[in-house]
Amino acid sequence: MLTQTTTRVLEPSDLGAALAILESEPVANAFVTSRVQVAGLDPWRLGGEMWGWYADGRLRSLCYAGANLVPICAGPEAVRAFADRARRAGRRCSSIVGPAEPTALLWRLLEPGWGPAREVRANQPLMVTESPSAEIAPDPLVRRIRKDETEILMPACVAMFTEEVGISPLAGDGGLLYQARVAELIGAGRSFARIDDGKVVFKAEIGAATTQACQIQGVWVAPEHRGKGLSETGMAAVLRYALADVAPVVSLYVNDYNAPARKAYRRVGFREMGTFMSVLF
């Protein structure tokens, strides 16, 4: 018996069905869920389209198509449908990111037309925890950043982004979008740092947040302070804030080759529970 399938751009009236899929995997989908909960499905507010894959009239899978292309709860048939749509639309995203298996298939289908990528990070362990560290004491000097400290924080944010992604966030529009995102996180109380003598020593943000799960991002230690354990004590502090004020589950994902970071996060209490993949253009 043949299954009838179709793919289309979701509309605001599809919000309930889309959220049901997103919330079925709250940790893996935290990034997109947080955006949809705030902006709904209107492309202008969401910053991109949400594609839906239907089987026998029921919404089964999603794909966020904005600055990132993100497959969500997508099996092979849905991924192929999303790849067809993405191929027809042409590449508009700066990255493809998501759970490793569907993201790898999506990239294999798109690479002939979209490649080569600037970098492919095929194995990025997804780490989670539901409790504060029992081993590492939080750094008492790590705190929320105030709006009037944005200029102090910004150089550290730019350095982190450039190290992690390989290009400066100030390229293109002069950094306007990036600065707006940093300001947004500060305003939301989700930007944390230790500042010594007017300079950032450690910083991290809670980049995505829902009532079910949140995701820490942008972890950075000033080069001259590396090797002193500040990433561990700093992360323990951010984790304490996250669990107390944001969500009952905290996650992050890290590059597999970054052994020191993976070790530090395990000491803070994170465990690996899946794998993400990123394709950077």
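Leaving aside its neighbours within four places in sequence, with which residues is Ser278 in contact? I shall begin with that question. The contacts of Ser278 are Ile96, Val97, Glu119, Val120, Arg121, Gln124 and Tyr253, where contact means heavy atoms within 4.5 Å.

Before going further, a word on the source. This is a predicted model, in which local features need pLDDT of at least 70 and side-chain atom pairs count only at pLDDT 80 or more, while totals for chains, interfaces and linings use all residues. Residues are numbered from 1 along each chain as its sequence is written, and side-chain values use heavy atoms, with hydrogens and water left out.

Ser278 is placed in strand β12, residues 271-280. Helices (H or I, at least four residues) and strands (E, at least two) are DSSP runs numbered from the N terminus. With a relative accessible area of 6%, Ser278 is buried; buried means under 20% relative accessible area, exposed over 50%, and partly exposed in between, with a 1.4 Å probe and protein chains only. Its side chain makes a polar contact with the side chain of Gln124, at 2.7 Å. A polar contact is a pair of N or O atoms within 3.5 Å; within protein, one must be able to donate a hydrogen and the other to accept it, and residues adjacent in sequence count only if both atoms are side-chain atoms.

The side chain of Tyr54 makes a polar contact with the side chain of Arg8, at 2.8 Å. Not counting residues up to four places away in sequence, Tyr54 touches Gln4, Thr5, Thr6, Arg8, Leu10, Asp14 and Leu59.

I turn to the helix pairs. Two packed helices are described by the angle between their axes and the distance between the axes. Axes here are lines fitted to C-alpha atoms, for helices over the stretch in contact, and angles run from 0 to 180 degrees between N-to-C directions. The axes of α4 (residues 76-89) and α5 (residues 100-114) come within 9 Å and cross at roughly 30 degrees. That makes α4 roughly parallel to α5: angles under 35 degrees count as roughly parallel, over 145 as roughly antiparallel, 65 to 115 as roughly perpendicular and the rest as oblique. The residues making this contact include Phe82 and Ala86 of α4 and Leu105, Leu109 and Trp114 of α5.

The axes of α9 (residues 230-245) and α10 (residues 259-268) also come within 9 Å, crossing at roughly 50 degrees. That makes α9 oblique to α10. Here Ser231, Glu232, Met235, Ala236 and Leu239 in α9 meet Ala264, Tyr265, Arg267 and Val268 in α10.

Helix α2 (residues 30-39) has as its buried residues Ala30, Val32, Thr33, Ser34, Val36 and Ala39. Among the elements covering them are α1, α3, β2, β3, β4 and β9. Just after α2, Gly40 takes a positive phi of about 70 degrees.

Finally, the backbone. Asp56, in the loop between β2 and β3, has a positive phi of about 55 degrees although it is not a glycine. Cys73 likewise has a positive phi, near 50 degrees; Cys73 lies in the loop between β4 and α4 and is partly exposed, with a relative accessible area of 22%. A cis peptide bond joins Gly115 and Pro116, with omega about 0 degrees, and Pro116 lies in the loop between α5 and β6.
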